[in-house]
Amino acid sequence: DNFMSLHDGTNNAYTEQERTVFFNEVNNAGFDEGMDRFAQFFIEPLFKKDLVGRELNAVNSEHEKNKPDQNRRMWQIMRGTARPDSVMSRFYTGTVDSLHHGDDKAIAALREYHAANYCGPRMNLVMVANLSLAVQLDVARRHFGG
């Protein structure tokens, strides 16, 4: 993304057992707009087919990387013994096949999941900057609400 390059920025995400962490880093010159762009990612995600496909490949690569990991394999065996109606029994990584190759059905499912699960009360925002607390709170309130 050109904006991120212009403002020495980076962004990424990772998923743990109970949460996904998204992060966004930009220099002070791009802080306000960078936080607005970051907020929009949650408020009105684009779900562009090419970007979904790129992310799908990243998810699949992570799955492939984790397959030989003995701890993950043991965890999956433990998950397999959970009650079928428990969230613990679900397979917790994605593959190209399980995510339908990023087709229109997968994108529709992402939109539905987003609408049902991405809401302010379920999320936390952490901001770290060498700007005053007042400036950071102003940016947080304007772009993330609250």
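Biologist: Is Lys49 buried or exposed, or something in between?

Modeller: This is a predicted model, where local features need pLDDT of at least 70, side-chain atom pairs count only at pLDDT 80 or more, and totals for chains, interfaces and linings use all residues. Residues are numbered from 1 along each chain as its sequence is written, and side-chain values use heavy atoms, with hydrogens and water left out. Buried means under 20% relative accessible area, exposed means over 50%, and partly exposed lies in between (1.4 Å probe, protein chains only). Lys49 has 48% relative accessibility, so the label is partly exposed.

Biologist: Which residue forms a salt bridge with Lys49?

Modeller: A salt bridge is a side-chain nitrogen of Lys or Arg within 4 Å of a carboxyl oxygen of Asp or Glu. Here the closest N and O atoms are 3.2 Å apart, and the partner of Lys49 is Asp104.

Biologist: How many residues apart are Lys49 and Asp104?

Modeller: Helices are DSSP runs (H or I, at least four residues), numbered from the N terminus. Lys49 sits in helix α3 (residues 49-66) and Asp104 in helix α5 (residues 104-117). The pair links distant parts of the chain, and the separation is 55 residues.

Biologist: Why does Asp104 count as exposed?

Modeller: Look at the accessibility of Asp104 itself. Asp104 counts as exposed because its relative accessibility is 56%.

Biologist: Which helix holds both Glu33 and Arg37?

Modeller: Glu33 and Arg37 form a salt bridge, with the closest N and O atoms 3.1 Å apart. They are four residues apart, about one turn of the helix, and that helix is α2.

Biologist: What is the N to O distance in the salt bridge between Arg142 and Asp32?

Modeller: Arg142 belongs to helix α6 (residues 133-144) and Asp32 to helix α2 (residues 31-43). They are 110 residues apart in the chain. Their side chains meet in a salt bridge, N to O, at 2.6 Å.

Biologist: Which residue is linked with Asp32 and Arg142 in a network of salt bridges?

Modeller: A search of the whole structure finds six salt bridges. The network takes in Asp32, Arg142 and one further residue, Asp138.

Biologist: Leaving aside neighbours within four places in sequence, which residues are in contact with Met88?

Modeller: Met88 is in the loop between α4 (70-80) and α5. Contact means heavy atoms within 4.5 Å. With those neighbours left aside, Met88 is in contact with Trp75, Arg79 and Ala82.

Terms used:
Helices (H or I, at least four residues) and strands (E, at least two) are DSSP runs, numbered from the N terminus.
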